[in-house]
Amino acid sequence: MNEMISDEVLSIVRETIGPGGRYITLPSHIVTAMIARIDHQDKLLRAYRTLDACYRECLRAMERGSIELECLDKLVAARGAVADLEEI
């Protein structure tokens, strides 16, 4: 996987573009890093949505009084996926 772009580099890009700049030429490694960061953020958002869905499913099951181990396993797996993505 390509290395993600840091906040510091993004701030430089923002400053370079400025309020009136419409076009900017960036080195390909910066563009690649920006795309990697966007992809990572998309994966993290999807992982959070999955975690939320599993959490809601478990809550509904608890309200019915019949929570299954499979539901809890999904919740733990979803939390693990989020934790793995947050570490990067």
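So, helix α1, residues 7-17, and helix α2, residues 28-64: their axes come within 11 Å and cross at roughly 120°. Axes here are lines fitted to C-alpha atoms over the stretch in contact, with angles from 0 to 180 degrees between N-to-C directions. Helices are DSSP runs of H or I, at least four residues, numbered from the N terminus.

Quick caveat: this is a predicted model, where local features need pLDDT of at least 70 and side-chain atom pairs count only at pLDDT 80 or more, while totals for chains, interfaces and linings use all residues. Residues are numbered from 1 along each chain as its sequence is written, and side-chain values use heavy atoms, leaving out hydrogens and water.

Okay, who touches whom? From α1 we have Asp7, Val9, Leu10 and Val13, and they meet Ile30, Met34 and Arg37 of α2; contact means heavy atoms within 4.5 Å.

Side chains of opposite charge can pair when their charged atoms come close. Arg56 and Asp52 do this as a salt bridge, 2.9 Å from N to O. The cut-off is a side-chain nitrogen of Lys or Arg within 4 Å of a carboxyl oxygen of Asp or Glu. Why do they sit about one helical turn apart? Because they're four residues apart in helix α2. The count by this rule is three salt bridges.

One last thing on helix α3: Leu69 is placed there.

Definitions and conventions. Helix = DSSP H or I, 4+ residues; strand = E, 2+ residues; numbered from the N terminus.
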